[in-house]
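Please look over the chain shown below before reading on.

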Amino acid sequence: MADFPRILALTSGADAPAKVYGARAATQVALMGTGLPVPKGWGLSVDAVKAITNEDFPEDWPFLDELTTGCLVSIRASPVERVWGGPDALLNLGMNQATCDILKAPLGEDAATALYARFVQDYSIKVARLDPEWFEELYLLHTKKDKLDIHAVLGSSLALYDQNVGELFPQEPVRQLRKALRSFVKAWDGTTARILRMAQGAPSDAGLGLIVQEMALGLGRGECGAGVGQFVSVQTGEEVAHGRYMSQSQGRDAVEDQAHAHFLSKDPRGPSLEDVCPEALTELKAYSETARVAFGDEMQLEFTLQDGQLAVLDATVAERSGRAAVGISVRLVEAGIRSKEQALMGIDPRSLNEVLHPMVAPKAKRDVLTSGISSSPGAATGKIVFTANAAQASAAREEPCILVRVETTPEDVRGMHSAQAVLTAKGGRDSHAAVVARTIGVPCIVGVSDMKVDVRGKVLSLPNGFVLRAGDTITVDAGTGEVLHGAPKLVQPNLGGAFDKFMSWADEFRVLGVRANADTPQDARISREFKVDGIGLVRTEHMFFEAGRLNVMRELIFAETEQDRKAALNLLLPMQRSDFVELFEIMEGLPVCIRLLDPPLHEFLPQSRDEMQSLADAMGLPLSKITERVEDLREFNPMLGTRGVRLGLMVPEIYEMQARAIFEAAAIVSKKGTAMIVPEIMVPLVSANREVELVKTRVDAIFAAVRNDTGVSMEYSLGTMVETPRAALRAGDIAHSSAFFSFGTNDLTQMTYGLSRDDSGRFMRDYIAQGVFDDDPFHSLDVDGVGELLLMACERGRAAHKGLVLGLCGEHGGNPESVGFCHKAGFDYVSCSPFRTPIARLAAAQAAISETD
């Protein structure tokens with residue numbers, strides 16, 4: 001940086017790199033290079049601004065002649081990266097009594113006096129740090145019968161400065177400049193400013209440049225004013241004028257006082273720039289097109305009109321929603337302004353949530369009741385219900401509802417399918433409610449710890465004494481994690497041409513496969529619509545909770561003889577088979593990875609006395625028999641007890657029934673000739689190779705029997721769900737019996753950390769705030785700890801089995817950073833809930849493009 005002058009005249013072709021003079025200075029030079037009318041300006045380098053901290057001001061001011069001959073200037077922040085922000089601009093520097101007297105001729109006495117008063121107040125607030133409310137009171141004090149005495153306001157403002165600063169308001173422009181520059185530096189170095197920009201990824205030593213620019217007043221005779229405009233819709237990306245303009249104004253007045261501002265183009269809601277100066281709108285649109293080509297993006301222009309003459313003060317990337325960003329990117333590629341790679345790299349994968357789900361309209365009124373952890377994106381409005389049955393009843397009446405629970409269980413799944421959104425008092429991002437909601441695409445907020453849910457009384461109580469009852473209308477905004485009262489306006493998703501084209505480009509570049517976690521035929525259909533590479537996880541336990549099946553599963557659990565157990569299994573077999581037939585038909589030969597039963601048996605049994613009584617009535621058993629069996633199956637820590645492969649070895653008939661259902665379904669679909677079905681069967685919660693060997697022996701026997709019975713030539717693969725630390729450590733052994741590994745990072749994270757994913761929400765925010773964790777490890781993969789286990793397992797597994805297929809099927813599969821990790825680690829695919837697969841596809845493409853840059 002030593003080779004660059006401390007102050008540089010910003011002219012067309014000037015060497016003003018952003019890292020030296022800041023992003024705004026670089027933009028000014030680029031705008032001038034296009035021939036757009038940009039007021040003269042000078043850039044102070046990052047080094048020059050740092051020097052001012054030590055009272056080391058430049059010796060020569062190249063704009064001294066302008067300042068001392070009545071020219072007014074502005075000072076604007078020019079951080080190295082725009083997103084880092086910076087102090088607000090200071091306009092009209094150089095204004096004093098002498099300049100005010102000069103301006104009275106062209107502007108008129110009142111207008112010139114008002115401009116002077118404005119500068120005194122801006123300077124007092126931004127440089128001397130006086131209270132803004134003091135000056136607001138002056139306008140009220142000096143307004144009589146709706147007429148403002150601006151001369152009295154100026155006098156009082158000067159007196160207020162004198163009284164509180166202890167000196168007269170500075171009249172010398174250079175003295176104003178030095179004080180203003182010092183104030184900008186102090187504001188940039190302030191604690192609040194540091195925190196805000198570090199939240200935007202700025203380093204601790206983030207650099208700030210400054211721009212001194214001649215004022216285009218926006219005041220005077222003829223049509224004068226200032227505004228901000230772009231020619232794409234913020235919400236949709238369509239080519240329409242968007243912005244505001246205000247006559248006789250400066251800076252961003254039109255944005256800050258929209259009630260009195262004009263629209264840009266003709267609008268039935270009020271006057272417009274097109275009404276008062278149509279030539280200026282035509283010119284502004286042409287300037288926008290010039291900037292679009294120059295910067296390779298849709299731009300927002302800050303402009304000033306001076307007697308009908310347009311000046312461009314600045315250009316920033318046009319404001320846009322995630323939905324608009326996709327449409328804009330596609331249009332830029334089709335216009336030859338951007339490459340496909342640039343389009344893909346220019347969009348944050350997370351912003352696709354705005355494309356895939358309804359969102360609360362940006363300008364909708366928000367009456368916030370409470371907030372929690374956003375765990376499945378989108379927004380929905382409905383009437384409160386407290387039970388799954390009530391949700392189903394609402395759906396039958398075609399009445400939108402929000403299911404409110406303390407926490408959900410597998411028995412609530414049908415109600416979750418019927419609800420527009422789910423709200424729970426307990427849980428974290430990987431709680432039951434969160435995982436199921438993401439799978440079925442329902443907005444969900446969990447961990448609303450200050451919400452008290454009385455299911456029996458059908459009452460929801462909040463700490464401020466506010467009470468909601470069944471039937472009251474609320475809105476769940478899972479984009480922000482807020483629960484809103486009433487029904488604000490929602491913006492509906494609009495998938496279509498631009499989105500499909502954009503995602504097809506992502507598929508061109510990505511190497512990593514993207515599959516979906518799908519438990520039902522409906523999930524599979526949604527997955528196909530999102531053009532996934534297959535199903536990476538079918539959680540078969542969810543199939544047992546559907547109507548008519550739960551009681552059969554309970555009959556199996558209560559069976560006392562082998563004959564009774566076989567009778568129950570014979571009832572479950574055709575149910576499972578029909579599910580698999582439908583899944584295979586929908587996926588049309590794409591991979592389908594089916595996890596054998598994972599949860600402990602107690603999850604299929606009722607927990608409350610009322611539910612136990614209902615089950616006793618349904619099964620014709622004494623209540624005591626039900627309670628005894630529930631007690632028999634109760635474990636101190638069921639999630640680490642008799643579940644997964646342990647259950648499969650203790651009650652092998654269950655896995656045998658599931659294997660038979662899978663193979664018979666594959667035979668049925670294969671016979672139809674539409675596709676050859678090669679099912680993938682996954683063994684859960686493995687910690688030793690011998691577990692896989694025992695299951696594989698039984699599954700192989702079932703496979704051979706079905707193949708002989710049907711006469712259909714089939715294949716299948718059996719793999720391991722790696723979700724215990726020991727399985728990762730012993731991956732070399734387990735790989736000998738496995739065709740694939742699929743890492744269940746939800747449980748693997750839980751066991752590695754010793755954290756309950758359902759309860760971690762209670763302290764996770766504090767842990768992140770205190771720097772214990774950088775992020776929630778259930779949300780973004782812990783690459784240092786859990787990631788090391790994954791890399792170790794991959795290396796050891798593939799060393800023992802060269803063709804071992806590697807996948808990840810935890811919800812981390814939909815997290816962009818985690819997808820990037822899997823790409824670098826050489827995984828074959830990731831799998832996540834259907835509505836997150838577009839995010840994973842884009843993240844995978846970005847990982848591949850970044851690798852080639």
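Is R175 buried or exposed, or does R175 count as partly exposed? At 33% relative accessibility, R175 counts as partly exposed, where buried means under 20% relative accessible area, exposed means over 50% and partly exposed lies in between, with a 1.4 Å probe and protein chains only.

## Basis of the model

This is a predicted model, in which local features need pLDDT of at least 70 and side-chain atom pairs count only at pLDDT 80 or more, while totals for chains, interfaces and linings use all residues. Residues are numbered from 1 along each chain as its sequence is written, and side-chain values use heavy atoms, with hydrogens and water left out.

## Overall build

The chain holds 35 helices and 32 strands, both taken as DSSP runs numbered from the N terminus (helices being H or I of at least four residues, strands being E of at least two). Its C-alpha atoms fill a box of roughly 105 × 60 × 50 Å along the principal axes, and of the 853 residues in the chain 55% are buried. Among contacts with a separation of 6 or more, 67% are between residues 24 or more positions apart, a contact meaning heavy atoms within 4.5 Å.

The accessible surface of the chain comes to about 35,700 Å², and 50% of this belongs to carbon and sulfur atoms; the areas come from the Shrake-Rupley method with a 1.4 Å probe, and for residues only the protein chains shown count as cover. There are 86 positive and 114 negative side chains, with the centres of the two sets 3 Å apart. In this count Lys and Arg are positive and Asp and Glu negative, His and the chain ends being left out, and each charge is placed at NZ of Lys, CZ of Arg, CG of Asp or CD of Glu.

## Salt bridges

A search of the whole structure finds 51 salt bridges, each being a side-chain nitrogen of Lys or Arg within 4 Å of a carboxyl oxygen of Asp or Glu. One of them joins R118 to D253, with the closest N and O atoms 2.8 Å apart. Because R118 lies in helix α6 (residues 109-126) and D253 in helix α11 (residues 253-256), the pair ties together parts that are 135 residues apart in sequence. R118 is partly exposed at 23% relative accessibility, whereas D253, at 17%, counts as buried.

R175 meets E167 in a salt bridge with an N to O distance of 3.1 Å, and E167 is partly exposed at 22% relative accessibility. Another salt bridge is formed by D507 and R510, whose closest N and O atoms are 2.7 Å apart; here D507 is partly exposed, with a relative accessible area of 27%, and R510 is buried at 13%. Elsewhere, salt bridges that share partners join E541, R595, D598, R643 and D747 into one network.

In α31, the residues T745, N746, D747, L748, T749 and Q750 are buried. The buried residues of this helix pack against α19 (432-440), β29 (717-722), α29 (725-729), β30 (740-743), α33 (786-800) and β31 (805-808). Just after α31, G754 takes a positive phi of about 70 degrees.

R757 lies in the loop between α31 (745-753) and α32 (764-769), and counts as buried at 18% relative accessibility. Leaving aside residues up to four places away in sequence, R757 touches G428, D430, S431, N746, D747, Q750 and F778. Of these neighbours, N746 is eleven residues from R757 in sequence, and the two are 8.0 Å apart in space, C-alpha to C-alpha.

## Positive phi values and a charged patch

Two residues other than glycine have positive phi values, including K145, where phi is near 50 degrees, and D307, where phi is about 55 degrees. K145 sits in the loop between β5 (143-144) and β6 (147-148) and is exposed, with a relative accessible area of 85%. D307 is placed in the loop between β10 (299-306) and β11 (309-317), and is also exposed, at 51% relative accessibility.

On the surface, D131, E133, E136 and E137 gather in a patch of negative charge, and E133 is located in helix α7 (residues 132-141). Such patches are made of residues with over 30% relative accessible area and no salt bridge, like charges being joined within 9 Å and nonpolar side chains (Val, Leu, Ile, Met, Phe, Trp, Tyr) within 5 Å.
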